[in-house]
Amino acid sequence: MALSSRDRDTLRTLAARYAEIAALPVQQELAQQWRDLNGLRPTRPLVRIFQIPWHEFAGEDELQLTCEDPWARGLENGFRQSLYQWEHMRDDLVLEPFVRCGLAISDTGFGIGEVSEVNDSSGLASRHFSEQIKTLDDVQKIRLPEVTHNEAATAEGYERLSEVFADIMPVRKQGTSHFWFAPWDSLITWYGVETAMLDMALRPELVNAAIGRLVDAWLYRLDQYEALNLLSLGDAGAGAGSGGLSATDELPQPDCDPGRV
């Protein structure tokens, strides 16, 4: 669907401000400091403010969404949050001077989902997880995910982004450059926290089987990302680990083909 002129103007105004900030020399300085840190060269401590509870900022005028189109509202929200953080709680995040067009990737998942009770509408409070893995047979509930790429949808998304932003910032197709791989964090949402901790002592063979199955499923997924060419090199602003950025001058290796990571 075509955007209204109002939605389009809103996105372009925000993008122009973002591009102005992303072009500042300080962004290159920050990227170099992250490269130094990741290369174990002395530098100042670097700070990241993330996992921000944005729902607690609901009354801030600068964060109010005005676009009507759902696709446009998602982009508007990202720009407004980045600009708000830059203006009010600036950290050492590197703002990259381009618009990401994520590839239209989907997969069938692990075949087992989280069942939990949440005692707060924000979803950020404590949760109680239902136990779904109780026996060795239950481990087989964890399925191997099948990954697919909808190339037509990726092309459509790229064209739509380019139509709005191309004369402000380049639009870059980008696959996945960072997986948050924490198998224990996933397992306990299916297993139950207390039960999993007790079973590490009382039934270690069950815990080992479950974590082994989950790791195999993740590796199976990663192999497909590689085979389907859905991985991208990380840029200076890409996340790495729990809070850091991945800027480095040690990767990629000299014989790397950036077209097939």
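M200 sits in helix α6, which covers residues 193–202. Helices here (H or I, at least four residues) and strands (E, at least two) are DSSP runs, numbered from the N terminus. The model is predicted, so local features need pLDDT of at least 70, side-chain atom pairs count only at pLDDT 80 or more, and totals for chains, interfaces and linings use all residues. Residues are numbered from 1 along each chain as its sequence is written, and side-chain values use heavy atoms, with hydrogens and water left out.

M200 counts as partly exposed because its relative accessibility is 46%.

**The whole protein**

The protein has seven helices and eight strands. Its C-alpha atoms fill a box of roughly 60 × 45 × 40 Å, taken along the principal axes. Of the 261 residues, 35% are buried. The protein exposes about 15100 Å², and carbon and sulfur atoms supply 52% of that area. Accessible areas come from the Shrake-Rupley method with a 1.4 Å probe; for residues, only the protein chains shown count as cover.

Contacts tell another part of the story. A contact means heavy atoms within 4.5 Å. Take the contacts with a separation of 6 or more: residues 24 or more positions apart account for 76% of them.

**Helix α3**

Helix α3 runs through residues 70–88 and has 19 residues. From its first C-alpha to its last, α3 reaches 26 Å, close to the 27 Å expected at 1.5 Å a residue. The expected span is 1.5 Å times one less than the number of residues.

The buried residues of α3 include A72, E76, F79, R80 and W86. What covers the buried residues of α3 includes α1 (5–22), α2 (25–38) and α4 (151–165).

Is E76 buried or exposed? E76 is buried, because its relative accessible area is 0%. This residue belongs to α3. Leaving aside residues up to four places away in sequence, E76 touches T10, L11, L14, Q64, L65, T66 and C67. The side chain of E76 also reaches the backbone nitrogen of C67 at 3.0 Å. That is a polar contact: a pair of N or O atoms within 3.5 Å, where within protein one must be able to donate a hydrogen and the other to accept it, and residues adjacent in sequence count only if both atoms are side-chain atoms.

**Salt bridges**

Side chains of opposite charge can pair when their charged atoms come close. A salt bridge is a side-chain nitrogen of Lys or Arg within 4 Å of a carboxyl oxygen of Asp or Glu. The whole structure has 13 salt bridges. Three of them are listed here.

| Salt bridge | Distance, N to O |
|---|---|
| E87 and R17 | 2.7 Å |
| R48 and D91 | 3.1 Å |
| R80 and E76 | 2.8 Å |

E87 and R17 meet in a salt bridge. E87 lies in α3 and R17 in α1, so the pair ties together parts that are 70 residues apart in sequence. E87 counts as partly exposed at 40% relative accessibility. R17 is also partly exposed, at 30%.

R48 and D91 form another salt bridge. This pair links distant parts of the chain, 43 residues apart: R48 is in the loop between α2 and α3, and D91 in the loop between α3 and β1 (99–102). R48 is partly exposed at 24%, whereas D91 is buried at 9%.

R80 and E76 both lie in α3, four residues apart, about one turn of the helix. An α-helix has 3.6 residues a turn, so residues three or four places apart point the same way. R80 counts as buried because its relative accessible area is 15%. Elsewhere, salt bridges that share partners join R17, E20 and E87 into one network.

**Backbone details**

L40 is not a glycine, yet its phi is positive, about 65°. L40 is found in the loop between α2 and α3. It is exposed, with a relative accessible area of 78%. Q51 lies in the loop between α2 and α3 too. Phi of Q51 is near 50°, again a positive value in a residue other than glycine. Q51 is exposed at 71%.

Which peptide bond is cis? The bond from L251 to P252 is cis, with omega near 0°. P252 lies in the segment after β8 (244–245).

Technical notes:
Buried means under 20% relative accessible area, exposed over 50%, partly exposed in between (1.4 Å probe, protein chains only).
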